[in-house]
Amino acid sequence: MKEGKRPKGIYFDCNATTPLLSVAAQAAIATLHDRFANPSSAHWEGCRAQRLRESARSRAAGVLGVDLTEIIFTSGATESAHTAIFSALSPFARQVRSGQRLDRRVVLYGATEHKVVPEALFHWIEHLGLPFEARAIPVSAEGQYQLSFLRRELADCVLVCTMAVNNETGVIQNLDAVAGVMASSRERPLWLVDAVQGLGKIPLRFAEWGVDYAAFSGHKVYAPKGVGLLYVRQGAPFQPLLVGGGQESGRRSGTEALPALAGLSAVLGEWLKEDANDPSGAFRSASELAHIREQLSAALLHSFPQLVFNAPFEASVPTTINFSVPGIESTDLLLLFEGHGIFLSAGSACQSEKSRPSHVLEAMGVSPERLRSAVRLSFGAATSFAEVEEGCRRIRGLGAALRAGVSSTARVVCVSDGQQNCFLFLSEEAERCDALLIGRCAHADWRVAQVVAARNAVVGGSCADLHSESEQMRVGLQLTCGNWVATRVAQDALQLTHLSAPTIPVLVFKNVEALLRHSSADLETASSPTVLLLESWAGLERRWSLPFVANRLPQFPVATSGEGCDTDQVQEQDLELSFDQIGRQAPEACVVDVRERSECSPSSPYLVAEKHFGRPAQHQPLSEFICFLLRKLNEDPGRAQTFVFVCRSGGRSALAARVLRDFGWHNAFSLRGGLSCLSLASEQPPL
Ligand code: PLP
């Protein structure tokens, strides 16, 4: 932030939430200590608390240019939006109950709205038993509402829900134009504006536009979490969502979260006194913010020349940059940025955990390829120049890190796009290496190309489709590439051998069905153990979603049955251990960091693990895990070694530990929650 000390990580996810402005933190802490009284209490202390609340109200009214009575404090924008929608729809529910006919039966919401709006609409339509249909207002390629659609639908409409600024793209909606269309309708519907991302960024003229309700959130504007605002135009229908103690003049019961409210009040106070030209103020001016966007976008283009921006800069707030790097999946991009201490997100914070493509970009007609690689960088009005400079420096280093990340000497690299795997088998020559490509990973071809380029390799052979019926792919056919020989042992299976080393056989199957078609008898003839690789793991249980399976077919748990066998469950129990448990149960274990090279700090990829465990850690990227497995199968036939796998958040390390268990290492563990938990516990920055 402009005013204070920053952590080492560069936080560019301000649309998800902002840090606290220090005046807000101070106000909240002072309130926790000194104004702990209940604002509804009649005594002196209660009155002091009440004064604080009312001062917050008058500041909010001042910032929004509305009347004091039009402001209601809530817990956040989700509650504000629900209250507004419940208020707008309740009168119609009463009409339905009293048997009246409803002339208008449509509610409209923008196709790019934050999920809270459509979800609240569906929820209240169903719970109030209304015969309403919720329709999405389509948007243009630039993310603007199609006003012709709005105009056409207005006659049947009772409520229109729009937003001021989009949380994923930063697109500023033309609310002047929406107001014009609304004014033209004979019987004007009610209008809710989700103004969460607009507050402090664009002028909001609710009275002039004729908006009935507007929702705001404290934690998006440098105030604490747990406080929000609802603007309700005088005379607009109102129905409290929460009833009880009668706070907020009976419009929102529940004892106020006064410390959070004090924090919000402090932020609003800063806005009210802010002089845009005062460099010592808490917030950057509009021209400074625009300049920051230019700096950041130049740095991004420097590292990723193929990068495309997903929203036009002229019609979006400068603090949000939504971009795609075609060919690189969003999740990979996020890990790459995070590995260099920059925190971004793939879209709305609520959606990012579900890893679905953005409905906002989909509505704008963004191509599937760009959708898959979309990322949001968002900074705030209080982001400091020092942070931006450091962010730009790190971003400029990303391109090089991406290239360096694939320059390993691994003999086998697995490239995966989450559904399909393909495997590059590489010979050892430094000068000109031969590569054999098995399988095809449509969405991650860029990575295959990168590995090939970084190793100066020539793809001498490729089996892109194991199901191919072509003559070229006859059973028995051999493809040789450097020291690798791929023999087609069945229509859907290849056996790989490496000529220069007495290796464990590797069999590559199209998918799990192909694997099961080869009865255990077939596989028993192969020496045990055999490493089985899968090109596609669709249909496998989540816990098997790694391309490797051990040669232990009789116990192999097939996903379609939905049941793993008991022994697996027993095995699972102690697979993920906390840091303390590791200290007790596996104090001497070999620590293996399975993060990819490009995710790690260029100076020392093992640093975090080493610092915490107090001993050297091996780095074994998951994409090269087959090499590790083949090596260990040779080196440790008695399966005596103990391993602790670690990664960022514990998912990939658990997969690595499972694979080793399946191959007989009973002492393979994973650090539960990953290194990020350790960093948190000891207040360490991520680098
Ligand atoms: N609307 C928009 C545009 C948002 O960005 C968010 C938060 O992500 C919300 C609503 C929900 O806000 P809150 O977290 O205060 O409930």
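The paragraphs below lead from the chain as a whole to its nonpolar cores, then to one pair of helices and one further residue.

This is a predicted model, in which local features need pLDDT of at least 70 and side-chain atom pairs count only at pLDDT 80 or more, while totals for chains, interfaces and linings use all residues. Residues are numbered from 1 along each chain as its sequence is written, and side-chain values use heavy atoms, with hydrogens and water left out.

The chain has 24 helices and 27 strands, these being DSSP runs (H or I over at least four residues for helices, E over at least two for strands) numbered from the N terminus. Of its 687 residues, 56% are buried, where buried means under 20% relative accessible area, exposed over 50% and partly exposed in between, with a 1.4 Å probe and protein chains only. Among contacts (heavy atoms within 4.5 Å) between residues at least 6 apart in sequence, 68% join residues at least 24 apart.

In soluble globular proteins, nonpolar side chains tend to be buried together. A nonpolar core is a set of buried Ala, Val, Leu, Ile, Met, Phe, Trp, Tyr and Cys residues joined through side-chain atoms within 4.5 Å. The largest such core in the chain holds 147 residues, of which Phe206 and Phe645 touch the most other members. Once neighbours within four places in sequence are left aside, Phe206 is in contact with Leu64, Val193, Ala195, Val211, Ala214, Phe216 and Tyr231.

Helix α2 covers residues 44-64 and includes Gly62, which counts as partly exposed because its relative accessibility is 44%. Although Gly62 and Leu268 are 206 residues apart along the chain, their C-alpha atoms are separated by 8.7 Å. Both residues take part in the meeting of α2 with α8, where the α2 side also includes Leu52 and Ala56 and the α8 side also includes Leu261 and Trp271. The axes of α2 and α8 (residues 258-273) come within 9 Å and cross at roughly 40 degrees, which makes α2 oblique to α8.

Helix α3 (residues 77-97) contains Gln95, which is partly exposed because its relative accessibility is 24%. Gln95 and Leu130 are 35 residues apart in sequence and 9.8 Å apart in space, C-alpha to C-alpha.

Notes:
Axes fitted to C-alpha atoms, helices over the stretch in contact; angles between N-to-C directions. Parallel < 35°, antiparallel > 145°, perpendicular 65-115°, else oblique.
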